[in-house]
Structure formats: C-alpha cells, structure tokens
Amino acid sequence: FKQKNVDKEYLALVHGVLPDSEGEIDFEISRKTSGEKMASHPNGSGKGKPALTRYEVLEKFKATSLVSVNILTGRTNQIRVHFFALGNPIVGDQLYKSKTINDKIKCSRAFLHAAKLGFTDMTGEKQEFESALPEELDLLLQNLESK
C-alpha cells in the first residue's frame, strides 16, 4: 500500500447528476484544526498534502450518480472529502454532508464500497479480488429512478 502498487476501485453513490462521464478531482487534503473532519484546498495552495481521485460515472439517476472511483493517493477520507468539495457528497455520509442538499434517499451508512483490489504478489503473479455490493446498497440502487 505504501509503495502505491495496489489498484483499488470503489463504488460510490453521490448526490447530484455529474455533468461529465469521467473526471479527476485534484484538491489537497489536510486535517481540520478542530474535530475529526478533513479539509480540501485548491491544488498548489500548500495547505495540505496532494490528493488525486479519478472517477467514471456508471449510471445517472434522477438526483444521484453512481461512480466508479480510483484513488491515486491514499489520504484519510479522500473520496469522501473530494466529492464533498465538488458539491456532490456521498449519499448517507453523515460526516461530510451538505446542508443545502435535501436528502430524501435513506441510507443508514455512506454509500461507498471497496469493490476491487488488485496487486502483484511476491511471485510476480497478478492477484485481483472483487466484492459485491452489500445487500442494503444493492437494494437502494434497484429502487432509484433512472434518468
């Protein structure tokens, strides 16, 4: 993990319909002075550590977007902080939520799931593991109205 030789793919449901089918979020991340939250800053501000997140929109719904997410750095709460900074917080996230979003979607946890993990083992063989969405998140997806 420390050498960044692990491929990680997450699935997230974010508030809002993202305008582009894919994108990068390149904000620095730092620890806030109070509480457990992290803060994002414009790239190059020097206020935090560099953090880069790539995403691809898999499906657009009426008020949300399902995204596949890859992080190229490994900052604390990176995915949550980056989408919050974009104005598209993760559905069900109680720490990084926007007061301006009327959350009609009920989810008892953040809709963020580690879907795939891949790495090259010590023998040089590529290993890849996949994890299906938990039932609660899968049911929520099935009940969303497609755009």
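**Salt bridges in a predicted model**

Asp 93 is buried, with a relative accessible area of 3%. That value falls under the 20% cut-off for buried. The structure is a predicted model. Searching the whole structure turns up four salt bridges. Three of them are described below, among them one made by Asp 93.

- Asp 93 pairs with Arg 80 in a salt bridge.
- The closest N and O atoms of Arg 80 and Asp 93 are 2.7 Å apart.
- Arg 80 sits in helix 1, which spans residues 78-86.
- Asp 93 lies in the loop between helix 1 and strand 6.
- The pair is 13 residues apart and links distant parts of the chain.

**Strand 1 to strand 7**
- Lys 126 and Asp 7 form a salt bridge, with 2.9 Å between the closest N and O atoms.
- Lys 126 is in strand 7 (residues 126-130) and Asp 7 is in strand 1 (residues 7-15), so the bridge ties together parts 119 residues apart in sequence.
- Lys 126 is partly exposed, at 46% relative accessibility.
- Asp 7 is also partly exposed, with a relative accessible area of 47%.

**Strand 1 to strand 6**
- Glu 9 meets Lys 116 in a salt bridge between their side chains, at 3.9 Å from N to O.
- That distance is within the 4 Å limit, so the contact counts as a salt bridge.
- Glu 9 belongs to strand 1, and Lys 116 to strand 6 (residues 112-120).
- This pair links distant parts of the chain, 107 residues apart.
- Lys 116 has 31% relative accessibility and counts as partly exposed.

How values were computed: Residues numbered from 1 in each chain as written. Predicted model: local features only at pLDDT ≥ 70, side-chain atom pairs only at ≥ 80, totals over all residues. Heavy atoms only, no water. Helix = DSSP H or I, 4+ residues; strand = E, 2+ residues; numbered from the N terminus. Buried < 20%, exposed > 50% of the residue type's maximum accessible area, 1.4 Å probe, protein only.
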